[in-house]
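Hi,

Here is the structure I promised to pass on to you. Have a look at it first, and then read my notes next to it.

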Amino acid sequence: MELLMSGSGGNLPRSRWLVIHAAAVFSFLYLPIAVLILYSFNAQGVGGFPPHHLTLDWYRILFADGPIWDSVLNSLQVALAAMAISLMLGVPAALALDRAQFPGKALFRRLVLLPLILPGIITGLSLLMLFNVMGAKLSLMTIVLGHGTALISVATTEVFAGLQKLDRAQEEASLDLGANYWQTFWRVTVPNLKLPIIGAALLIFTLSMDEIAVSFFLIGRDNTLPLEIWGRLRRGITPEINAVSTIIFVFSLVTIVVWYRLRVRAEGSAEVGAELIESTPANV
C-alpha cells in the first residue's frame with residue numbers, strides 16, 4: 001500500500017507539469033488566433049489592449065470591399081479546380097501504387113511524393129519557367145495548373161492510405177457475383193474510399209486557399225485572397241485583415257467539424273455492419 005501511495009504521489013507532480021506544458025503549447029498555438037479574432041471587433045483598430053469598445057464596423061467595411069471579395073471568388077475558383085485536377089490524377093496514381101506491378105514503381109512513388117518535399121518557391125519557379133517556354137499567359141488558369149500539380153501528391157497519399165485499410169473481400173465478392181472491374185470500382189471501391197477522398201478534397205481545398213509561394217510566381221492580373229492580404233500587409237495591418245482572417249478561421253473550423261462528423265458516422269456504420277456480418281452465421 002505504501003508503495004502504491006508513494007508511486008501515485010510521485011506521479012502527481014509529473015502530471016501537473018504535463019498539464020502545464022500542454023497548456024503552454026496550446027496557448028502558444030491558439031492565443032495569437034484568439035487575439036486576432038478579438039482585434040477584428042476592436043473599435044480602436046489594431047492599437048490598444050485590451051479593447052474597450054467592440055464593434056462590427058470592420059466587418060461592414062470588409063463586406064463593402066470589392067477587391068477583397070473578388071480575390072475570395074478567385075481563390076474559391078482556383079481551389080475547386082485544383083481539387084478536381086488533383087483528385088482526377090491522384091486517385092488513379094494511388095490505385096496504381098496499391099494494385100499494379102510495373103517497372104519503375106519505386107521511382108514513380110518517389111516522384112509522386114516529390115511535391116510534398118520540394119519548397120513551394122522551387123515548384124512555383126519551375127512552373128513559371130515551363131509556362132514561359134510554352135508561351136502561356138499568366139492568369140488564374142496557370143495558378144490552377146500550378147496548385148493542381150503541387151497537390152497531386154496530397155490526393156495520392158490520402159487515397160493510398162485508404163486503400164491500405166480497404167477490405168479486398170468485398171471487391172472479390174463483387175467480381176464473383178458477375179460484376180466487371182469497372183462496375184466493382186464504382187459500386188464497391190469508390191464508396192469504401194469515400195472518407196479518404198473527402199479528406200483529401202478538404203485538405204487540397206484548404207492548402208490551395210492558403211497557397212502563396214506557387215501563386216506568387218504564376219499570378220496574372222487577378223489576385224487570390226492570400227496575395228491580396230499579403231499586398232495589404234505591406235502597407236500595415238488593418239482591422240479588415242483581422243476580420244477576413246476570422247472568417248477564414250471560422251470556415252476552416254466548420255470544415256473540420258463536418259469532416260469529423262462524417263468520419264464518426266462512417267465508422268459507426270462500419271462497426272454496425274461488421275457486427276451484423278459476425279452475428280449472421282450464428283443466427284443461421
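Below is what turned up, going from the whole chain down to single residues.

First, some ground rules. This is a predicted model, so local features need pLDDT of at least 70 and side-chain atom pairs count only at pLDDT 80 or more, while totals for chains, interfaces and linings use all residues. Residues are numbered from 1 along each chain as its sequence is written, and side-chain values use heavy atoms, with hydrogens and water left out.

**The whole chain**

There are twelve helices and zero strands here. Both are DSSP runs numbered from the N terminus: helices are H or I with at least four residues, strands are E with at least two. Of the 284 residues in the chain, 31% are buried. Buried means under 20% relative accessible area, exposed means over 50%, and partly exposed is in between (1.4 Å probe, protein chains only). The chain exposes about 18200 Å², and carbon and sulfur atoms supply 69% of that. Such areas come from the Shrake-Rupley method with a 1.4 Å probe, and for residues only the protein chains shown count as cover.

What about contacts, meaning heavy atoms within 4.5 Å? Take those between residues at least 6 apart in sequence: 72% of them join residues at least 24 apart.

**Inside: the nonpolar cores**

A nonpolar core is a set of buried Ala, Val, Leu, Ile, Met, Phe, Trp, Tyr and Cys residues joined through side-chain atoms within 4.5 Å. The largest one has twelve residues, including Val78, Leu127, Phe131, Leu140, Ile143 and Leu227. Helix 5, helix 6 (140-165) and helix 10 (213-218) each give two or more residues to this core. A second, separate core has eleven residues, among them Ala79, Met83, Leu87 and Ala201.

Then try serine 215 in helix 10. Serine 215 counts as buried because its relative accessibility is 0%.

Which residues of helix 8 (residues 181-192) are buried? They are Thr184, Phe185, Val188 and Thr189. These four sit on the same side of helix 8, because they cover an arc of only 125° around the axis. (The arc is that of the directions from the helix axis to the C-beta atoms.) Trp182 and Arg187, on the other side of helix 8, are exposed. Helix 3 (66-99) and helix 7 (168-176) are among what covers the buried residues.

**Salt bridges**

A salt bridge is a side-chain nitrogen of Lys or Arg within 4 Å of a carboxyl oxygen of Asp or Glu. The whole structure has five of them. Aspartate 65 pairs with arginine 232, with the closest N and O atoms 2.7 Å apart. That pair links distant parts of the chain: aspartate 65 is in the loop between helix 2 (57-63) and helix 3, arginine 232 is in helix 11 (residues 225-233), and they are 167 residues apart.

Arginine 232 also meets glutamate 228 in a salt bridge (3.0 Å, N to O). Glutamate 228 and arginine 232 are four residues apart in helix 11, so about one helical turn separates them. A further salt bridge joins arginine 232 to glutamate 240, the closest N and O atoms being 3.9 Å apart. Through shared partners, Asp65, Glu228, Arg232 and Glu240 form one network. Are the residues of the Asp65 and Arg232 pair buried or exposed? Both are buried, and so is glutamate 228, as is glutamate 240.

**On the surface**

Leu107, Leu111, Leu113, Ile117 and Ile122 are among the residues that make a nonpolar surface patch of about 810 Å². Patches are made of residues with over 30% relative accessible area and no salt bridge; like charges are joined within 9 Å, and nonpolar side chains (Val, Leu, Ile, Met, Phe, Trp, Tyr) within 5 Å. Helix 4 (105-117) and helix 5 (120-134) each supply at least two residues, and helix 4 gives the largest share, six residues. Leucine 113, in helix 4, counts as partly exposed because its relative accessibility is 31%.

Happy exploring!

Methods: Contact means heavy atoms within 4.5 Å.
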